[in-house]
Amino acid sequence: MIKLEQVTKQYDLPSEKGGELVAADRLDLDIADGELFGLIGPNGAGKTTTLKMVCGLQVPTAGRITVKGIDVQLEPEEAQSNIGYLADFFSLYDDLKVWEYLDYFARAYKMEPHTIAPRVDEVLRLMNLETKRDAFIHGLSRGMKQRLGIGRAIIHNPPLLVLDEPAAGLDPKARVELKVLLKDLHASGKTIFITSHILSDLEEICTSIAIMEKGKLLRIGTLEQVMREGKSVRRYRVRLAAPGFGLAMWLAGRKGVTGVVSEPASANFALDGGDTELAELVKDLVAAGAPVCEVLEMVETLERLYSRISSGEVM
Amino acid sequence: MSAFFNNPEMLRNARIQLRPGRAIAAVVICAAISLTTWYSYDSGSVVGSAVFNSIAMFRFILQLQIVVLLIGGGVYELLSVHREKELNTFDYQRVTRLTAFELGVGKLFGAPALMYFIVLCLMPIALFGALHGLFGAIQGHAPILLVVEAYLILLVGCIAFHLLALVVSMTLGRGVSAIAVLPYLVLVAFTSVDLFATQNSYLDGDAATWAVHQLNPFAASALFETNPRFLPLKDIFFGVSVPHFTVLMALYVTLAAWFLLAIVRNLKRDPAVYELYSPIQAFGFAIYLNALMLGFFNWKAPLGLPIINSLGRITGFYTLPPLLVERPLLYNTFWLFILLGLVLLRNREQVRRRIKTLGESAASLWAAFWPAPYLVLGVIVVGIAILELIRTYRGLTPDQWNWGLAILNVAFIALWVARDLLYLQWMGLRRARRPLFAAVLYLIVFYICISVILGVAQTYAHPTVRAFSAALVPSGGSYLDVEGWTAHSQLWICALALLAAQVVLFALLQWLKLREFVNPAVETAPVIATRKPSLMSR
């Protein structure tokens with residue numbers, strides 16, 4: 001659906017710093033049809049720039065982007081007909097009514113005139129905004145405006161949705177609703193390219209992710225691939241029934257064990273190897289007199305993985 | 001036609017601006033103005049015959065309509081794109097399937113929708129005054145045609161001005177829309193001056209420098225104001241008398257086409273790489289503007305100082321020497337090509353993209369002369385045209401004319417334009433928040449300071465120093481006559497060479513700047529893990 005080939009975008013840094021900032025550095029990326037693809041990274045990583053380049057809103061300094069095989073730079077309108085876009089800091093036309101707003105974009109996307117009114121009603125229903133049909137936009141809550149923004153993005157039923165931080169500024173209830181909505185849209189066959197700071201949300205809904213920092217893609221793959229990749233060394237936590245045994249010291253002297261973190265009556269550590277090596281370690285630990293009462297494999301979350309990668313651990 | 005009225009952008013603006021409450025308020029206000037105007041002109045408070053009063057009332061309402069549409073509509077246009085950018089809604093318009101033309105037309109007629117509505121609301125009283133006054137005023141004439149002409153000038157003229165405002169709105173940076181209103185008003189005021197009529201007031205003959213009447217849509221009102229017998233105003237274009245209405249229509253349509261071209265080329269583009277016109281188009285536009293300037297120049301007029309008799313009355317004009325005809329025209333050309341050069345300047349992003357696309361050739365020494373070739377070529381073409389027109393229309397007596405000096409004047413103008421634009425291009429490539437703005441500011445300060453110093457030091461009085469002052473500012477050359485040129489021609493050629501050296505200097509500075517783009521100091525990302533295979537290959 002989306003293909004980026006050696007896409008680069010350079011900006012100037014403020015004059016006192018000198019040099020150029022590479023917001024996107026020779027990005028290569030393929031997103032297949034039907035993916036729900038999450039792009040994560042800190043502020044200034046280049047996520048928004050990447051999304052804008054995909055939508056044809058910013059021109060890459062170098063490289064090529066295609067959407068459904070259409071070159072975004074050469075045939076922008078043709079490519080854009082396949083895209084529904086929601087910006088991070090978005091604004092609506094406050095003086096329009098909700099239905100007028102959707103009607104405007106339906107016309108702007110050149111939908112058949114006879115299909116516009118039913119489609120507007122359908123989207124209002126889908127976004128749960130039927131009761132606000134004739135309300136002015138300035139009277140809507142933040143969550144409703146966000147839903148209307150997504151409604152605008154899907155009004156022409158595009159196969160691809162590009163959403164930049166759609167959950168930003170939403171309360172927890174609205175976030176849950178948004179997640180459900182995105183899952184539904186994905187289930188209906190749409191490809192979704194999304195960025196978010198709320199990694200737990202992305203972890204729940206994304207089929208694939210990429211981690212981006214300083215214009216580079218640090219990890220790309222399905223969620224499992226990326227998580228597995230981050231877990232080349234498995235991490236465990238051992239809890240003792242009572243303090244007194246020098247657990248951290250014992251673990252630190254053990255071959256294959258690294259990154260020991262001592263806690264009261266427990267410790268967590270990384271172990272090079274699989275289940276056999278773990279069983280061996282536990283057997284030896286018990287034999288050494290440690291009152292082991294619990295051994296847990298620590299679950300790697302996207303948040304933890306991202307935090308480790310972006311702090312420079314992966315080098 | 002239905003596609004025009006179904007333009008989504010126009011419809012959106014109309015929906016917002018013409019809500020029932022607002023529309024009713026506009027109707028009520030217009031009705032009140034209409035009734036008050038009718039009462040004041042009909043009650044005898046304005047002295048004159050009924051016919052005269054009706055025409056005066058029509059003129060008043062027409063002027064009101066022009067103010068509303070030209071100034072009110074222009075301000076709406078100035079805000080139209082700029083405000084969308086500030087609100088962050090413009091990107092949504094850019095990702096729709098609307099073409100730049102459709103979006104531009106939607107904004108052109110949609111943004112001032114309320115202004116058009118007000119003009120319509122004032123039409124009944126305007127037409128009442130026009131028909132009553134004009135039918136009574138002249139029998140056997142076709143007054144309806146005059147009213148139609150007035151409204152065509154109003155409509156087409158406002159469209160041309162609105163398109164210019166739209167181009168400005170498109171190119172404005174954040175937070176400067178209020179500043180843009182002022183130049184727009186200045187332009188309206190400047191084009192309100194009827195140069196032909198003003199200067200003709202001395203004599204009945206064609207003594208004006210410029211043979212063209214008022215250029216903005218207020219000319220519609222002037223059809224009735226300055227010409228009580230409703231005889232058509234005439235302009236002179238390359239010596240041919242042309243009805244002013246025809247001139248206005250031709251100007252408005254062609255200028256509107258140029259502005260529309262800039263909008264269509266850029267409205268949906270990334271603002272970082274806006275390019276109003278391609279180099280060839282920009283060159284064509286500059287030549288077109290120069291052709292207008294030369295065409296409306298009153299070649300047959302004497303143009304010199306007035307001859308005043310003992311009673312203090314002007315009885316004629318001294319003939320202006322042909323060299324003094326050439327010089328002001330060349331200075332006008334200078335400004336027109338400065339405008340062309342500003343359009344052709346490249347920003348950092350454009351240079352970066354060119355180097356990524358074309359490689360080292362985009363940073364060659366030849367590339368560092370951008371945009372001088374177009375400017376020099378343009379000035380030479382226009383300069384030759386000026387010389388040929390002077391030869392055709394003027395007697396070239398040896399004591400007043402010298403081909404060498406005439407050509408030197410053209411060469412100076414060409415190099416001045418090239419030098420200033422190469423300086424701006426070099427400065428514009430610096431890494432700063434608004435590099436071009438600062439560069440223009442420095443250039444203005446340079447011109448003011450040098451002119452003051454040269455003036456106070458009376459360098460223009462000394463033939464040697466005067467020649468070299470011309471290498472710094474154009475005013476230095478304005479004092480050169482045939483005698484001075486004959487006596488010090490080598491000095492003046494040295495001054496020209498000095499100016500050429502400045503051109504080369506700024507080209508070299510630009511070249512050094514271009515080399516920085518080839519080897520940029522890039523902020524590097526941390527070392528990363530090897531990228532995994534793309535998802536498609538899974």
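Let's start with a helix pair: in chain B, the axes of helix 15 (residues 322–344) and helix 18 come within 10 Å and cross at roughly 20 degrees. Axes here are lines fitted to C-alpha atoms, for helices over the stretch in contact, with angles running from 0 to 180 degrees between N-to-C directions. Helices (H or I, at least four residues) and strands (E, at least two) are DSSP runs, numbered from the N terminus. This is a predicted model, where local features need pLDDT of at least 70, side-chain atom pairs count only at pLDDT 80 or more, and totals for chains, interfaces and linings use all residues. Residues are numbered from 1 along each chain as its sequence is written, while chains are lettered from A and ligands numbered from 1 in the order in which they are written.

Back to the pair. Helix 15 of chain B and helix 18 of chain B are therefore roughly parallel (angles under 35 degrees count as roughly parallel, over 145 as roughly antiparallel, 65 to 115 as roughly perpendicular and the rest as oblique). Their crossing is right-handed, a label used if the near helix is turned clockwise from the far one by less than a right angle, with anticlockwise being left-handed. Among the residues that meet are B:Phe334, B:Phe337 and B:Ile338 in helix 15 of chain B, and B:Ile413, B:Trp416 and B:Val417 in helix 18 of chain B. Contact means that C-beta atoms, placed from the backbone, lie within 7 Å. By class, this contact has twelve nonpolar, three polar and three charged residues; Ala, Val, Leu, Ile, Met, Phe, Trp, Tyr, Cys and Pro count as nonpolar, Asp, Glu, Lys and Arg as charged, and the others, Gly among them, as polar.

Helix 18 of chain B (residues 403–428) is mostly covered, with 20 of its 26 residues buried. A residue is buried if 20 or more other C-beta atoms lie within 10 Å of its own, exposed if 12 or fewer, and partly exposed in between. The end C-alpha atoms of helix 18 of chain B are 37 Å apart, which agrees with the 38 Å it should span at 1.5 Å a residue. That expected span is 1.5 Å times one less than the number of residues.

Helix 17 of chain B also packs on helix 18 of chain B, at an angle of about 155 degrees and with the axes 9 Å apart. These two are therefore roughly antiparallel. The contact includes B:Val376 and B:Ile380 of helix 17 of chain B and B:Val410 and B:Ala414 of helix 18 of chain B, and its residues divide into 14 nonpolar, one polar and no charged.

Helix 17 (residues 372–393) of chain B has another partner: its axis and that of helix 14 (residues 279–295) of chain B come within 11 Å and cross at roughly 25 degrees, which makes the two roughly parallel. Here B:Phe283 and B:Ile287 of helix 14 of chain B are among the contact residues, as are B:Val381 and B:Ala385 of helix 17 of chain B.

Now for helix 3 of chain B: its 23 residues reach 32 Å from first C-alpha to last, close to the expected 33 Å. B:Cys30, B:Ser34, B:Thr37 and B:Tyr41 are buried in this helix, whereas B:Leu35 counts as exposed because it has 11 C-beta neighbours inside 10 Å. The C-alpha atoms of B:Leu35 and B:Ile125, 90 residues apart along the chain, are separated by 8.2 Å.

Zooming out, chain B has 21 helices and five strands, and buried residues make up 38% of its 538 residues.

Conventions:
Contact = placed C-beta atoms within 7 Å.
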